[in-house]
Amino acid sequence: MDRSEEARRRAMTIAVLSALGGAAATGLLMGGLALADQDGATTDQTTTDPTVTDDDLWSGQTSPWSDDDGADSGSGSSVPQGPGSGSSGRTGGS
Amino acid sequence: MSALSAAPRTVADFALWGGRASIAVTEPGQLQPAMRLVSEELGRIERAASTYRADSELVRINRGDSAAQLSPLLAEMVAVSLRVARATGGLVDPTVTHPGTGTWRDVFLDGPMLVRGGGVRLDLGATAKAWAADRCATLVHQALGTGVLVGLLGDLSAAGPAPELGWRIDVAEDHRSQDDTVSIRIGSGGVATSSTTTRRHRDAGRSVVVTGVPPCSNHIVDPLTRRSVTGRWRTVSVAADSCVGANAASTAALVLGNRAALWGVSTLHTEESVEWLLDRGLSARLIDAEGQITTVGGWPR
């Protein structure tokens, strides 16, 4: 099943489920999802942007680099603290 | 007043959601307008998706019928959470922070229409912060034209032109900590860190963060066990072309490390997190339970 066909079928299902609402919708939904998965198609549960694939989440390459070139001035520098000289942000667990 | 102190500020740091947030801009004079834009946008995001506010749209949705129509903002956030769940094969799941049996596969979204099966409730905490960083950075760049780096509790996103030397980012296990940091630079994209060394819990409806060392009960949950992750890695930092992508990968890597410990598999399998990151071309820094550091891809050694 191609993505457009699957999306079209989901849209129709959603319209019916929305009209029904509540517990009846839940029961029908489960059946619908089971059918959608039977052919082994990727489970695509949103059609917000059907052109976006899963892999697009990491499609670009971003390689950080270090300050080993000595470019980091840090405190004590006579250069004004612009965004390229001091720390611009901090990452860590939250 | 010296010339140095008179120079327009380009970096600001402020308290947010129990942690720290920051905004850095390349254009002097654009910091205050950027802060106003970000503050307003974060207010909208919080009203839409916070689970710490009884009046948020998401809380109302979770309490309501299984079928509902979402605001465009919340629909986009739910779509992102499902996209992350799909891309990680369910390692990051917007349904697992609540007790229950459902998974992200029980959540059905088409445009603004949401249907939840099996009593599933949504918590967008695993993706919303990173998505908000991406959204705010893009918003500031588009509105003001300046290059910008937005950091929300350790999740960072850059948009627009970077400084000549790149954005300097301090990397730590706890974003509030001033200790044990290394610095990297990025020109674009996002950086995020997930760690088991911090834990977050609710106290009288508010988010409370406690910093400790594993095995503490942290806020990274394995969808398989619905328990806090432990295992091979305690902290993972990832750089990607978006903060959402970086955050999804750092969380997924921690969960994979938890699976390895859970199943008691060999050392070969405990490197599954590394392989997973490499397969996606990501740059990452992983710290294991003993504090040993492993770098992946293009992350500086």
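Predicted model: local features only at pLDDT ≥ 70, side-chain atom pairs only at ≥ 80, totals over all residues.
View 1. Residues are numbered from 1 along each chain as its sequence is written, chains are lettered from A and ligands numbered from 1 in the order in which they are written, and side-chain values use heavy atoms, with hydrogens and water left out.

Look here for α6 (residues 243-263) and α8 (residues 272-279) of chain B, packed at about 150° with axes 8 Å apart. Axes are lines fitted to C-alpha atoms, for helices over the stretch in contact, and angles run from 0 to 180 degrees between N-to-C directions.

**View 2. A closer look at the residues joining α6(B) and α8(B).** On the α6(B) side you will find Ala249(B), Ala252(B), Ala253(B), Leu256(B) and Gly257(B), in contact (heavy atoms within 4.5 Å) with Glu272(B), Ser273(B), Trp276(B) and Leu277(B) of α8(B). Sorted by class, this contact has 6 nonpolar, 2 polar and 1 charged residues. Here Ala, Val, Leu, Ile, Met, Phe, Trp, Tyr, Cys and Pro count as nonpolar, Asp, Glu, Lys and Arg as charged, and the others, Gly among them, as polar.

**View 3. Helix α5(B) packs against α6(B).** Helix α5 of chain B spans residues 128-144 and meets α6(B) at an angle of about 160°, with the axes 8 Å apart. This pair is therefore roughly antiparallel, and its crossing is right-handed. Ala130(B), Trp131(B), Ala133(B) and Asp134(B) of α5(B) touch Cys243(B), Val244(B) and Asn247(B) of α6(B). The contact comprises 5 nonpolar, 1 polar and 1 charged residues.

**View 4. The setting: chains A and B.** Chain B holds 8 helices and 17 strands, while chain A has 2 helices and 2 strands in the order α-α-β-β. Helices (H or I, at least four residues) and strands (E, at least two) are DSSP runs, numbered from the N terminus. Of the 301 residues of chain B, 56% are buried (under 20% relative accessible area; exposed is over 50%, partly exposed in between, with a 1.4 Å probe and protein chains only). For chain A, 39% of its 94 residues are buried.

Key. Parallel < 35°, antiparallel > 145°, perpendicular 65-115°, else oblique. Left-handed = near helix turned anticlockwise from the far one by under 90°.
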